[in-house]
Amino acid sequence: RAMNKMFQNGYVGNHQEETLFMQSLDTGLQPFPQPDIIVRSGKVSRLSGFMLAQATYSELFFPKKYFPDFDIKLISKIICAFARIKRNSGGD
């Protein structure tokens with residue numbers, strides 16, 4: 001869908017391809033299009049194609065519980081683990 005949107009808007013190829021592509025994604029115009037945390041529940045340790053372009057610098061968490069079973073203790077554990085991570089966004 002992002003590539004179709006780019007071509008419909010007159011994309012012909014230039015040096016701003018990555019920026020244009022990110023803006024053309026379904027999440028491109030959201031206030032925070034790139035999540036800091038992605039939680040994949042249910043004993044699965046893969047993204048399955050979920051937000052691959054936006055997840056470049058996201059921290060990934062794979063709790064064994066399924067989402068309906070999440071409680072404040074698990075959410076707090078994920079947030080605390082995230083807070084301990086020294087993030088560098090690939091530049092450091």
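Predicted model: local features only at pLDDT ≥ 70, side-chain atom pairs only at ≥ 80, totals over all residues.
**Close-up views of a pocket and its salt bridges**

View 1. The volume of the largest pocket is about 200 Å³. (A pocket is an open set of points on a 1 Å grid over the protein atoms alone, with protein on both sides within 12 Å along at least five of seven lines, and lining residues have an atom within 4 Å of a point; the volume is the space filled by probe spheres set on the points.) Helix α3 (residues 72-84) gives the largest share of the lining, six residues. Among the lining residues you will find F61, F62, K73 and R84. The lining divides into six nonpolar, no polar and six charged residues.

**View 2. A network of salt bridges links D36, E59 and R87.** A salt bridge here is a side-chain nitrogen of Lys or Arg within 4 Å of a carboxyl oxygen of Asp or Glu. D36 pairs with R87, their closest N and O atoms being 3.1 Å apart. D36 lies in the loop between α2 (17-24) and β1 (37-39) and R87 in the segment after α3, so this pair ties together parts that are 51 residues apart in sequence. E59 also meets R87, at 3.4 Å from N to O. E59 lies in strand β2 (residues 59-61), so that pair ties together parts 28 residues apart in sequence.

**View 3. The salt bridge between K65 and D71.** The closest N and O atoms of this pair are 3.6 Å apart. Both K65 and D71 also belong to the pocket lining.

Residues are numbered from 1 along each chain as its sequence is written. Local features need pLDDT of at least 70, side-chain atom pairs count only at pLDDT 80 or more, totals for chains, interfaces and linings use all residues, and side-chain values use heavy atoms, with hydrogens and water left out.

Technical notes:
1 Å grid on protein atoms, 1.4 Å probe; cavity = no way out; pocket = protein on both sides within 12 Å on 5 of 7 lines; lining within 4 Å. Helix = DSSP H or I, 4+ residues; strand = E, 2+ residues; numbered from the N terminus. Nonpolar A, V, L, I, M, F, W, Y, C, P; charged D, E, K, R; others polar.
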